[in-house]
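Me: I have a structure open and want to learn how to read it. Can we go through it feature by feature?

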Amino acid sequence: MTSQEYQSLLAQLRADLVPVGAIFAFPSLKVPEGYLPCDGRELSKASYPELYATIGTVFGGTDKTFCLPDLQGQFIRGYDASGDVDPEREFASQQEDAFQGHSHQFNPEGLSLKNDGGHNHALRWRDMSSRYGSSRGTYSVNQKLPASETYYNSFGDSRLGEFIFENGTLSSGTHTHILSLGTIKPVGQPDDSLHGRVKVACETRPKNVALQFCMKVK
């Protein structure tokens, strides 16, 4: 086997083992030969025809150029073609960080209403005729009131008047109150008694190690 044949075979083996467009995470800032960092850079279609044939302009480009993916500070997520796990996603699209929607139960210690607040109102008849000068009768709000504003006493005499509410409250009378709380502000460092100090940052993320993603370009 000649040296030229050997080099040709070696190149073919390299191509078969690691195809152009493959991405690897390298534990070094030194980029291996035949690779470029995935930093979104623009490349010439004429200079990298095989790579362009593989990825096209899915990550951007012009008539004469195409772009590498920009994976700086990014996690890679498998494309969900069926849309069962990551729905409404386009291939190679970027997804912003997010926090799953949820709710919390609120049980403020020491906050309560000591009194049941039961009460009723006194409803009295105010005589408006000249014959009687004092109020007559007290009605509970649950009692049936006369149908008209003409009141008849036990002697059959009629007199005009009106029903009025008196100020103040008496006993009993079931009802409810709505208790509203204003803005609840955290005090001090957030803490979870079971898991320790809560870590707060500008994004939601797991523990991670920063390596360099590189793509085989030739």
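Reply: Start with charged side chains. R77, D86 and R89 are linked in a salt-bridge network. Keep in mind that this is a predicted model.

Me: Is D86 buried or exposed?

Reply: Buried means under 20% relative accessible area. D86 has 6%, so D86 counts as buried. R77 has 46% and therefore counts as partly exposed.

Me: How many salt bridges does the structure hold?

Reply: Four. One of them joins D39 and R41, with 2.9 Å from N to O. D39 is partly exposed, because its relative accessibility is 24%. R41 is partly exposed too, at 32%.

Me: Now the strands. What order do they take in the sheet?

Reply: To read a sheet, ask which strand pairs with which. Three strands form an open sheet here, in the order β1-β11-β2, with antiparallel pairing. β1 and β2 stand at the edges with a single partner strand each, so one side of each has no neighbour in the sheet. Neighbouring strands are turned by 35° against each other on average, direction ignored.

Me: How many bridges join β1 and β11?

Reply: Four, and the two strands pair in the antiparallel sense. β1 covers residues 23-26. β2, residues 35-37, is joined to β11 by three bridges, again antiparallel.

Me: What is the bridge partner of F24 in β11?

Reply: C214. P37 also has C214 as its bridge partner in β11. For L36, the partner in β11 is M215.

Me: How many residues of β11 are buried?

Reply: Four of its five residues are buried, so the strand is mostly covered. Take Q212, which lies in β11, residues 212-216. Q212 counts as buried because its relative accessibility is 17%, and the cut-off is under 20%.

Me: Which residues does Q212 touch?

Reply: Leave out residues up to four places away in sequence. Q212 then touches F24, A25, F26, S28, L29, K30, V31 and P37.

Me: What lies 2.9 Å from a polar atom of the Q212 side chain?

Reply: The backbone oxygen of S28. S28 is also among the residues that Q212 touches.

Notes
Residues numbered from 1 in each chain as written. Predicted model: local features only at pLDDT ≥ 70, side-chain atom pairs only at ≥ 80, totals over all residues. Heavy atoms only, no water. Buried < 20%, exposed > 50% of the residue type's maximum accessible area, 1.4 Å probe, protein only. Polar contact = N/O pair within 3.5 Å; in protein donor to acceptor, adjacent residues only side chain to side chain. Contact = heavy atoms within 4.5 Å. Pairing = 2+ DSSP bridges. Axes fitted to C-alpha atoms, helices over the stretch in contact; angles between N-to-C directions.
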